[in-house]
Each structure stands twice: as structure tokens, then as C-alpha cells.
Amino acid sequence: MLFFLLRRTGTLLLTALCLTFIVFFLTNMEARLETLAKTQGSVRMTDAEVQGWIVRNGYDRPLVMRYGEWLGVVPGWTREEADGPLRGRCIDRVSDPADAATFCGLLQGYWGYSTRFNAPVGDVIATRLAATGMLMLWVMIVMVPSALLVGVLAGMREGSRTDRGLSTAAIVTTATPEYVSGVVFVAFFASSTVGLSPFLVNWGVIDGPVLFLGNARSAIDQITFWNFTLPVITIALYGMGYIARMTRASMTEVMTQQYIRTARLKGASFAAIVLKHALRNALIAPFTVIMLQFPWLLNGVVIVEVLFSYPGFGWTLVEAAGNNDIELLLACAVVAVIVVLTTQLISDIGYVWLNPRIRIS
Amino acid sequence: MKLQTIPHDRIHPAARMYAGEVAAGKLSRREFLTRATALGVSATAAYGLLGLTAPAAKAQTGTRGGTLRMQMDIRAQKDPRTWDWSELANVCRGWLEYLVEYQRDGSLVPRLLESWEVNEDATEYTLTIRQGVTWNNGEAFTAADVAHNFERWCDGTVEGNSMAGRMAALTDPETNQIRPDAIEVVDDHTLRLNLSQPDIALIVNTADYPAAVVHPSFPGGNPVDNPIGTGPYLPVRHETGIGARIERNEDHDWWGGEDGAYLDAVEFVDLGTDPSAWLSAAESGEIDILYETVGDFIDLFDAIGMVRTEAVTAATICVRYNQNNPPYDNANVRRALTMAVDNAVVLELGYNDLGEVAENHHVCPIHPEYAELPPLEPDPEGALAMLEAEGLADQEFELISIDDSWQAATCDAVAAQLRDAGINISRTILPGATYWNDWANYPFSSTNWAMRPLGVQVLSLAYRSGEAWNETAFANEEFDSTLTQAMSIADADERRDLMRRLQEILQEEGVMIQPYWRSLFRHARPNVQNAEMHPTFEVHYLRYWLEQ
């Protein structure tokens, strides 16, 4: 078990290293650095000024060296200005140059500085991840129980009318991408001129102009039922259909097992059979699927957070990519690798725990 | 209005002459106001010269209190003189004020200045600094502070300092710094500027958004970090890409007194660049006012019951050729392509007819020195014939534009007309992040230009040889010398004669297709007062108020 964990951690580190180097390489191509210089300096800088900016801010040295600086294995760059103070990667972040460390990178716990948000990357990522965490939490709270319920109900009696109905619904929701369902929901629930809201206002059911808010920005300060419903539903419905299908497949398989027939012959009630005998075995497959759904949810939050202007992790990723914010993008890559590989690890361990027949290592 | 203190006997002679022209019907009232106030005549006095009374400032009826929520991009802050987006300035207007301010009606109103005087040939300016202004750290605001700001603006060694170009007449071209003899502090409240060449636009330039007046202790960088300024507000929160909150500074005795600073707080919300997100936020009551409404969304915001305001401007889009790139180094090619396009059609298809048709020379009828030229006749057959004569009938042209609704639509309309004329043209659309990388060097592309109050200003920024923003690579000796001459002439008719020649050169050389002048629009809830759209996108939230 210990060896298994060590090996997994090794894979995680290696993947993170490779991925960040690729991101580093792509974001440090010359044209991208010019974009960065222009967004930081001024959009209408001349070419000479752009080159000057690149040199003065330490972007002119070899790629591998700078990657090493970011990791914290190569000393940070320093530079003496003609008439000004000493500048450098590690110096700019402290008030007195004498206090500056030689190394300042990931190994020293310094994630770099976000050029887009004018703040340390660590702070930006922490607040945004917390915001996405809230979104994910509510998505999970809505998605997992409803998906399992739908899956179990559909799988209890294969081929019944309930099964056909629920399965069709599940396929429809999972076949509708977030960027379609999100827009449809906004039009239907959050417009004062079309959809449901004008009727509700007419009938005096709601006070405000719209039922749900089509914009989740205010959820940063305070999450309410009205501002968080649409983004949560948009992500949850998409994942729900998939998990429900998996649960149904697993459930129908379990329901045909010998021991279920035995239980039925023994005279156990249908409810007892489903709850006591079938459920635990039927949940093994969905558990893995739910865990593997996390990386997919990261995908979904990018679209949904941008659509509803909710500044979380996905929104930050789009902003960082759009503005060539190198160190923020690298941090996003690290976080993504950690989330994907950790959830996989949890799913493997959980699988063993749920199914004693499987051994790891 | 109590801002005005200039005695009538010091009125610049040219201003009296302009007043005569208004009476003779040669000059519109708006043009007169811009020109007269640029010469140091107060708005009240300028209206007086026309025999009118200045409109009473609506702001005086403002109700105090409330928080205004405005949708606007919140970009990463930087040194004010390097600001490249009006939004950067708008956030800071509550504590960083300006020497003078450009009004919606085209006039200039002194703010931190009390008045200014210009000599006959516009080479010497005497600025009188407003009495009783203090910084919010308690220090008095003096002429030395203003001199310090002029020094900052003139420093051409700072990357991206766009004020340096506007202050060329005060700068030493050798050192790229202010000339030691360019500025004299006469006393605590008087400052004299000695220009190396005549420049009628100097004061107008200090109303431009990068000309925010900062405290001498300002080290450069982010002005939100240590917000010392003269204004009545202070930033409480500023998060790039998210929003900002500005609250009234109750500890500061602002010189404007009761005349402004009505709102308790202003909350800027950055909802990204997609107008449909703004619409959702407006519908659900999350925002009270928009920064700007564009395109199809103008009607949509009307439909949800918000009030539309419009500003007629000289803001425009130039579909221009870069003359460093063949085949656009050939004037016949440029002329032929320009000739094939009917600007009225471009306005209709590209901008929903929300503006005025322009004449390919980047001088607007609202500019004081605009000269009327014969109307343009589109001639698609002639255009193709001209290209054939140059042996370029089969040449494939490529028109590049940014991935932005109206800019892309305008270029599509231009390309469609070229295609109709039988010219082989392809379209390329680039995302904003990569587009601005190389905006000045694309062979054939479009650029949007904000308005400047005087016609000569934009010509000198964009079409003089070797200028940083000269995206057309246009270099014409006659144009340069005529422009230099025009920039020293305060006299209207005389300058208009030169202007006519400048406009003709731009048309003759086929420098660009400049299809229309944009009107700008903004929507606000009915209870938001005094917050009409401003022609240069300025958000004077100091004077906005909410009807309770």
C-alpha cells in the first residue's frame, strides 16, 4: 500500500513537472512575451519599448534558466538599473533589497506574481479555488444524490416505464453541453422579457423582475438560492445524466445476481432487497465514476464560471490564458494536475475498500 | 457656476473673432465653445460672447447619498501617464483630478486650474492654479505640484508614457525630458509655460485621461496603493477583473464643497467583455448603469426599460493600409480599394446606422477646423479598372480585424463591397489578446480611434511621419509641414484653409477607408441622474447622483 502511494506521488510530481514545462514553453514564446509587455506597459508601445520592457523585467534570459527560477532551483535574476535601485525576481517582492532571498520559486513556497491581477499568484489561486470549491460543493450536493436516486430507480426494474422515462431524461441532460443548457436556462429563468419570469411577475408570484439571477457575481459576497441556482444546475445536470446511466447499468446487473433471487425467494420485501442487498454492490461503479467526474467538472466550471461571471478557478484560467499571465497559468496547471491525480488516487483506494476482491500493489 | 473667474477684459482676441463667425453662421455653437475655451475663455464668458447665458449646472440640484453600481472593465492599474484605457482613469477620477475637464457640449471647464491665458501665437501659456485646493493628506496644492506633473508628463524615457508626445513643445528632444526653461513657477498659484513651437492643443491635452494630477510623492506604479489626491473619494477595494469600490472620503475638505460628490459610494463591477452578461446583470438588478452599450444590445437595453443617452463624437474606425507593405505602397492600389467602398453602406451594416458617414480623412464636422470637401462618389467599376491597370486584378487582399462585434462587422461590410466590385479579398479575424500585439504593422486592418477635441490633434498623433501611433506608415513632407503650420494658428479661417489641404492630401493619397463617426451610447436606470454618455468615455462620478 505504501509503495503504491509513493509510486502515485512520483507520477503526480513527474506529470506536474512535464505539464508546467510545456505551459512555460508555450507562454514564453516571443510573440506571447510581446503581448505581455504590451498589456503591462501600454497597448501602443513601440517595438523598441517592448524589447526594453522584456529585458528590464528579466524575460530575456534562456527558457530553462527561467523555468529553474520558477521552480526555485536557480537563483532569481537581479539587475542594476542605470539610475535606479537594484531590481530582481526576489527583490521586487520585499521592501528592502538586503532582505531578498537568493532563491524564490515553488520549492520556497513562492508561486510567483500574477501580471493580470497585480497580486501574488498564491493569494489569487487560493481565493478563486475557494470560490470554485463552493460551487463544486453545491454541485455535488445536488448532483450525486439525485443521480444515484435516478439511477437506482431506473435500474430496479429494467425495461419498465420508469426506467425508460428516467433513462431518456438522463441521456438528454448529459448530451446537452453546459454552454447550451446555460444559455437556455438564462433565457428561460433569468430574462424579464421572455421565458418564465414575465408570467410570474404578472401573477404576482415574485417581487423582482426575474426569477433567478442570470449572473452569479453577487454569489462571491453571499450565496443565495436566487443567484447560485442556475450555475449549479447547469453543471449538475450535465454530470447527473452520466452518473445516473452508470448507476442504472450497475443496478440492473446487480438485480440479476443469484443472491438477489435468493433474497426474493426468502420472502424479503422489494424495498429491503434494494436497500440492503443491492445498493452497496451497485454503488461500486458509480463511486469511481463520481471521482473521475471531478476532472470533468473542472472542465465544466470553466464554461459556467465565464458564462455567469463567477470568478472562480475556471474563470481565472480563462483570464490568465487571455492575458498571457505566465505564472498564474503555471499555478493553474499544477492545481489541475493535483486535482486530477488525487481524485484518481482516492477512486482507486475507495474501490479497494468497497470491493474486497481487488488488491492494489 | 462658481468655477469661472476670468474677467471679460482678458478674453483672447481670436475668441471674439469666433463669436463673430457664429453670428455670421460660419461656425456652429459647439465648435465655438471648444475653440474659445481652449484659448482660456471661461464657458460662461464664451456663452456671453454669443449673447447667451451659460446653462445652469444641473449638478447643483443633486441629492446626496446612495451607492451607484456601474458595469466597467477593471484593469490592472499602472502609472497614470502610461494609461492606455479610459477605464483605468475612470476608476481613479474620484481622488485624482485634472487641470481642466472636457464637457459633453465640447467646452473645457477649469478644475484644478482657475483660468489660463494664451499669447497671440500660442507659444506662452500662463496658468492660474485654483486657490483653496488641498491634497487629501492635508498639504496645500501649489504651482510647484503642477510643475512636477508637467515634468512627469514630459519624461519620454518612460515606456508607454503617451503624455510625452502631447507635451512635445515643452520637451528637449535630446534628453527626452522637459526643457529647464520650459516651465516657470511664478508664485504659489501661477505657472508660466514657454513652448518651443506654437501648440494650440496644450491645454486640451491636459484634459486627456492620462493627465491625472498626482502628488509629488507618487513613485509611479499603482495609484490605488497609496491614494493621495485632491478629490473627494477614496478607493476601498480594487480587484482586477472583478470590481472596485470607491467611497466618499469624509476626512477630506474637498475644494468643490457641496458641488459634487453626491454619491456615498461607487461600485464598479467587471462582468467581462460579453454584453449578454451585462444584460443578465441589468435585468436581475445587479447594476444601475453601463459603461457603454454597443450594437444590437442598444435596443435590448431599451427594451428592459433602461434609459438611453447618446454622445455625438469624433470617435471612429479606420480601415487602413500600412504603406510599408506591398502592394499598399502603391497609392493607386489604396485609392482603388477606397473608391470601391460606399461609406454609408458600411455605417448601416457595420454599426447599425448609429453614427454619421465620414469622408476618409479623419477630420470630423464637430472638429472646430473641419473644412467641407466635395462629397465622395463610390465607383466600384473604376476601382477594378484601376487595379487592372496596375496589373493587380488577381491579387488576393487580406483584411485583418479584431474579434469584436462592431469592428469585425465593419470590416465584413468593407470586404463584402470589395468582393462585389470583383476584387479578390479574404478576411482574417484575430482574438483581442493577439490582435493588439502587432496592431500598427498589419498590412490591411482596422483600428478604432477615440475622439480628440481638435482635428489637428489626431492628425499629428496618427499621420505625421515617424509618429509612434502612425499605423499607416504615411510619410508625406507636404502633409507634415502643413500640419506643423496649422498647429500654430489660432485663427479659424486661416487654419481651415490649411486643414482643407490636409484633408485633401489624406483623400488623394488613399491613406484609409474611414467609413463613419461613431455615436456612443450608454444605458442607465431612470433614477440615475447627470450620468449621460460622455464623448471621450469619461465617467465623472463626482457629479452623478441618484434620485431617491
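In the predicted model, the contact between the two chains involves 29 residues of chain B and 35 residues of chain A. On the side of chain B that touches chain A, helix H8 (275–283) and helix H14 (432–435) each supply at least two residues. The greatest contribution to this side comes from H8(B), with 4 residues. Sorted by class, the side of chain B that touches chain A comprises 12 nonpolar, 13 polar and 4 charged residues.

Chain A contains 14 helices and 4 strands. Its radius of gyration is 26 Å, whereas the globule rule gives 21 Å for 361 residues; the value is well over that expectation, and chain A is therefore more spread out than a compact globule. The C-alpha trace of chain A extends over about 90 × 65 × 30 Å along its principal axes. Of the 361 residues in chain A, 38% are buried. Among the contacts in chain A with a separation of 6 or more, 65% are between residues 24 or more positions apart.

The largest nonpolar core is made up of 165 residues. Within this core, the residues with the most contacts are B:Ala15, B:Ala36, B:Leu68, B:Leu170, B:Ala340 and B:Val414. Strand S14 (residues 307–321) of chain B provides the largest share of the core, namely 7 residues. When neighbours within four places in sequence are left aside, B:Leu170 is in contact with B:Phe150, B:Cys154, B:Ile178, B:Arg179, B:Ala182, B:Ile183, B:Leu193 and B:Leu195. Another core, of 76 residues, lies apart from the largest one and includes A:Val139, A:Met251, A:Leu297 and A:Val302.

Helix H16 of chain B, spanning residues 477–486, has buried residues at B:Phe479, B:Leu483 and B:Ala486. These three residues lie on the same side of H16(B), because the arc that they cover around the axis is only 60°. Such an arrangement can be related to helix geometry: an α-helix has 3.6 residues a turn, so residues three or four places apart point the same way. On the other side of H16(B), the exposed residues are B:Glu477, B:Glu478 and B:Ser481.

How values were computed:
Residues numbered from 1 in each chain as written. Chains lettered and ligands numbered in written order. Predicted model: local features only at pLDDT ≥ 70, side-chain atom pairs only at ≥ 80, totals over all residues. Rg over C-alpha atoms; globule rule 2.2 N^0.38 Å. Buried ≥ 20, exposed ≤ 12 C-beta atoms within 10 Å, placed from the backbone. Contact = placed C-beta atoms within 7 Å. Arc of directions from axis to C-beta. Nonpolar A, V, L, I, M, F, W, Y, C, P; charged D, E, K, R; others polar. Core = buried A, V, L, I, M, F, W, Y, C linked by C-beta atoms within 7 Å.
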